[in-house]
Amino acid sequence: MTQVRAEERPADLSASEERMWEAFRTGRMCDLSTRVPAQDDPMSDLLWGPERSVRAEVVGLLLLHGPPPVPGRVASLKLRGARITGRLDLSGGTVEPYVELQSCRFDSEVQLSETRFVTLRMISCSIPRLDAARLHTEGDLHLPRCRVARGIRLTDAQIGTDLLISQAVVRRDSRGRAIAADGMSVAQDFQAELLHTYGEVSLRGAKVGVSMSLRGALLSNPHGRRALNAPQLTVERTLYLTSVVLDRAGGDPTSTPPYGMGQTPARGQPARRFECRGGLRLDDGRFGDAVDFYGARFVLTAEQEVSLRRIQTPEFRFVGEAPEQGRVVVSGAKVVKLVDLSTSWPGPGRLSIEGFQYDNLAPRGHFPLARRLAWLEAATPEYNPEPYERLASVLRASGEDADAREVLLAKQRRRRPTLPPAARLWGHLQDWTVAYGYRPGKAAMWMAVLWAAGALLFSGLEPQALKPGEAPVWNPALFALDLLLPVVDLGQQGYWRLTGPWQWGAAVLVMLGWILATTVAAGASRLLRRG
């Protein structure tokens, strides 16, 4: 192509390139489309002729060394329905004009490594590959509804305001990654609603300044271990991996952000759930407001995990569908409020909550204590006291003391099979008599039963006093109670002569009283230690 100064246009421009050149100087849209939807779809197999084609080198010339604007106008590249031939390579350059490409088709990959933009919007475009490592934008980067055949690379990119890739379809590159954005920084929102990926989405160490939304997204990686790999992800507000409301009315397909999305759906609204077909990893992530899994669905193999190890967030909403295979791991996570469903958690052997800290429980729907205890049992194939003590502490802090005692009783019953035979026998006795001291009413019931039995036993006895004239008036009920209560002296025991079976009956009452008192004391000491 002929070399030109910034004020001149090349002599070899085609008619479509002439239109683009003039539109650039005035900041107007250069529309090369036919206005026939079937013919303007850049993802179709229809050929676009020279009347719709512009060379990538002319586009690069406009963006890097374009002509000055018409007086009173702002130069910008706005292009619709164009086929861009050749390889667009702006690596290392600085693009000052505003750039918006709608429904364009690229013949070759787009190379934007270390390029600086003010704002870049590529809407509903067909792109073989987008390599934008270390890209820097002062404003937005928008890629909604784009189709990318061999992956997007945004490693260490810095987005000045919003990143939008909603409704895009991205397939994997040669390394199996659909989106490689390790170390990326987004100053405001990262929206990827209804995104479809067919490879790993890698966001290791990425930072998002406001919220990150993957509502209604489908992340699939049939060729690798994880569909979303985002350890040490930082989101200053909320990470949404939830269902999304679908807009029946549709909207303007050229608009940004794209139509068709809304908030978390209410009952009866048309919606699409977030679905992850492959492992998900958010280990060591930091989330300022919440992590929301409302309506999420995970399709895992037996070796894959939803890994949330050591995440930290004020609110964790695990309100999705329990995976049929694979594991859910929240070991070491720290949350303030846990919002969950009884049906969201997987079964025994597929859940790990070791070191999981939460301060409040806010279950959705019916989540009785029996189901919560089953949740703990599923998470601890081998006995571990810490999850039981954590749950009991949270229940006690919320004023549910009775439920807290039931949790601690369940902990003792889980512990019992790990003890030596003698200790197991003693444990069975404590459980049978006073439920390890966690059910005080049971101890009172046994005391009343034994007292009534003792009073009935001695009601037919008229014993002789050991020292006539010094013995109190005989009272069978008071005598039975005096035998049952160790240490306490009610003034009956020790004054009467008992022989034969009466003596054996008194001995049995004394022995049962000591056993009852010992088990009650053991349970009380546990309660005091927990307090």
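1. Asp 284 and Arg 310 form a salt bridge, with the closest N and O atoms 2.7 Å apart. A salt bridge here is a side-chain nitrogen of Lys or Arg within 4 Å of a carboxyl oxygen of Asp or Glu. Asp 284 lies in the loop between strand 35 (279-281) and strand 36 (286-287), and Arg 310 in the loop between strand 39 (305-307) and strand 40, so the pair ties together parts that are 26 residues apart in sequence. Helices (H or I, at least four residues) and strands (E, at least two) are DSSP runs, numbered from the N terminus. Asp 284 is partly exposed at 24% relative accessibility. Arg 310 is partly exposed too, with a relative accessible area of 38%. Buried means under 20% relative accessible area, exposed over 50%, and partly exposed in between (1.4 Å probe, protein chains only).

2. On provenance: this is a predicted model, in which local features need pLDDT of at least 70 and side-chain atom pairs count only at pLDDT 80 or more, while totals for chains, interfaces and linings use all residues. Residues are numbered from 1 along each chain as its sequence is written, and side-chain values use heavy atoms, with hydrogens and water left out.

3. Other salt bridges. The count comes to 29. Glu 305 meets Arg 309 at 3.0 Å, N to O. Glu 305 counts as buried, at 18% relative accessibility. Arg 309 counts as partly exposed, at 24%. Arg 317 and Glu 315 also form a salt bridge, at 2.9 Å, N to O. A network of salt bridges links Arg 273, Glu 275, Arg 277, Arg 297 and Glu 321.

4. Aromatic pairs. The whole structure holds 9 of them. One is Phe 293 with Phe 316: edge-to-face, 5.9 Å centre to centre, 85 degrees between the planes. This pair links distant parts of the chain, 23 residues apart. Phe 293 is in the loop between strand 37 (290-292) and strand 38 (297-299), and Phe 316 is in strand 40 (residues 312-318). Both Phe 293 and Phe 316 are buried. The rule: rings of Phe, Tyr and Trp (its six-membered ring) pair if their centres lie within 6.5 Å; planes under 30 degrees apart count as stacked, over 60 as edge-to-face and the rest as tilted.

5. The aromatic cluster. Phe 293 and Phe 316 belong to one cluster that also contains Phe 274, Phe 298, Phe 318, Trp 345, Phe 356, Tyr 358 and Trp 375. The charged end of Arg 372 sits over the ring of Trp 375, 5.0 Å from its centre. Elsewhere, Arg 215 lies over the face of Tyr 240, at 4.0 Å from the ring centre. A charge sits over a ring if NZ of Lys or CZ of Arg is within 6 Å of the ring centre and within 35 degrees of the ring normal.

6. Helix 4 (residues 369-379). Arg 372 and Trp 375 are among its buried residues, together with Leu 373, Leu 376, Ala 378 and Ala 379. Their cover includes strand 42 (334-340), strand 43, strand 44 (357-361), helix 5 (385-397) and helix 6 (401-415).

7. Nonpolar cores. The largest has 113 residues, and Leu 282 and Phe 316 have the most contacts inside it. Helix 3 (residues 56-65) gives the largest share of this core, 6 residues. Apart from it lies another core, of 11 residues, including Leu 450, Phe 458, Leu 498 and Leu 509. A nonpolar core is a set of buried Ala, Val, Leu, Ile, Met, Phe, Trp, Tyr and Cys residues joined through side-chain atoms within 4.5 Å.

8. Around Leu 282. Leaving out residues up to four places away in sequence, Leu 282 touches Leu 228, Ala 230, Pro 231, Leu 233, Leu 239, Leu 241, Phe 293, Ser 307, Leu 308 and Ile 311. Contact means heavy atoms within 4.5 Å.

9. Inside the order, 3 bridges join strand 21 (residues 177-180) to strand 25 (residues 200-202). Ala 180 has Ser 202 as its bridge partner. Two strands pair if DSSP finds at least two bridges between them.

10. Strand 7 (residues 98-102). It is largely enclosed by the rest of the structure, because 4 of its 5 residues are buried. Strand 3 (residues 76-80) pairs with strand 7 in the parallel sense over 5 bridges, with Leu 79 opposite Leu 101. Strand 11 (residues 120-123) pairs with strand 7 in the parallel sense over 4 bridges. There, Glu 100 has Arg 121 as its bridge partner.
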